Amino acid sequence: MQLATFCLTLSCLRVSPDRSQFFRYDFISLSCEDQLNSTGWKVKRKTAAGGVMPCSSSWGSASSGSTCIIRNAYPSDSGLYWCQSGDGEKSNGVNITITDRTVILESPALPVSEGAAVVLRCKAEAKSSDHRFNFYKNDRAISTNSTGQMTIHSASKADEGLYKCSISGGGESLSSWLAVEASPPPSASPPPDNSTSVSVSRLMCHLVVGTPYLLSTILLGFIYKDRKRAARMVAERRGSNDVIMEIVV
């Protein structure tokens, strides 16, 4: 199923396969993905009586703290699952349904981001090439085909709702809620290249330091040129005076 799912809490409960409906005896893996790489997260579930207990199944399961494996799902394993830390912090919750029905709808267990492509699949316990699949949103028929899948090419808030499917002459699935969340904000633009900023700083430094020397050199050149011109004029005047004195004598 090609789509983008996410959660905005410290830890995120992931379900594999990524769907909320399962047949009896299906294999289910639930794991806590910790956003801060901390420890102590465990998979919890809400019981039918309203209590809270660690993820487990009387029909075969294994729990290793942040991961829970249900090898043979049974309807009594249906319920709300989440991750919880030793400090009582909770992740997103996922409703999982294990059904005795002959048809299930494979829809994402977590909210999908806006703009993502979402594929919904109608799956029959007994496979047949003659099946016709019907998809419904909020109990209204929206698609009929023989492929057993329906694609939402760019999910939006308008696509949120209760979805289910049926097979002509073969039963109907339960309904599952499809949630669509706003896309996460884009990450900040990367900082400017350090080499560029260093080069600009060096250039400014050279200009500040070198400008006085350049101006001094130009000024000295003018002074030298003026002194040379003055010396030449003095020499010329002395020569003229000598000639005049010789005539008078």
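Modeller: Strand 8 (residues 79-84) and strand 9 pair in the antiparallel sense, over three bridges. Strands here are DSSP runs (E, at least two residues), numbered from the N terminus. Two of them pair if DSSP finds at least two bridges between them. Glycine 79 stands opposite isoleucine 96 in strand 9. Leucine 80 has asparagine 95 of strand 9 as its bridge partner.

This is a predicted model: local features need pLDDT of at least 70, side-chain atom pairs count only at pLDDT 80 or more, and totals for chains, interfaces and linings use all residues. Residues are numbered from 1 along each chain as its sequence is written, and side-chain values use heavy atoms, with hydrogens and water left out.

Strand 9 (residues 94-99) also runs parallel to strand 2 (residues 21-23), joined by three bridges. There, phenylalanine 23 stands opposite threonine 99.

The open sheet has five strands in the order 2-9-8-4-5, with mixed pairing. Strand 2 and strand 5 (52-54) stand at the edges with a single partner strand each, so one side of each has no neighbour in the sheet. On average, neighbouring strands are turned by 35° against each other, direction ignored. The axes behind that angle are lines fitted to C-alpha atoms; angles run from 0 to 180 degrees between N-to-C directions.

Proline 17 lies in the loop between strand 1 (11-16) and strand 2. The peptide bond from serine 16 to proline 17 is cis, with omega near -5°. Tyrosine 25 sits in the loop between strand 2 and strand 3 (28-34). Tyrosine 25 is not a glycine, yet has a positive phi of about 75°.

Conventions: Helices (H or I, at least four residues) and strands (E, at least two) are DSSP runs, numbered from the N terminus.
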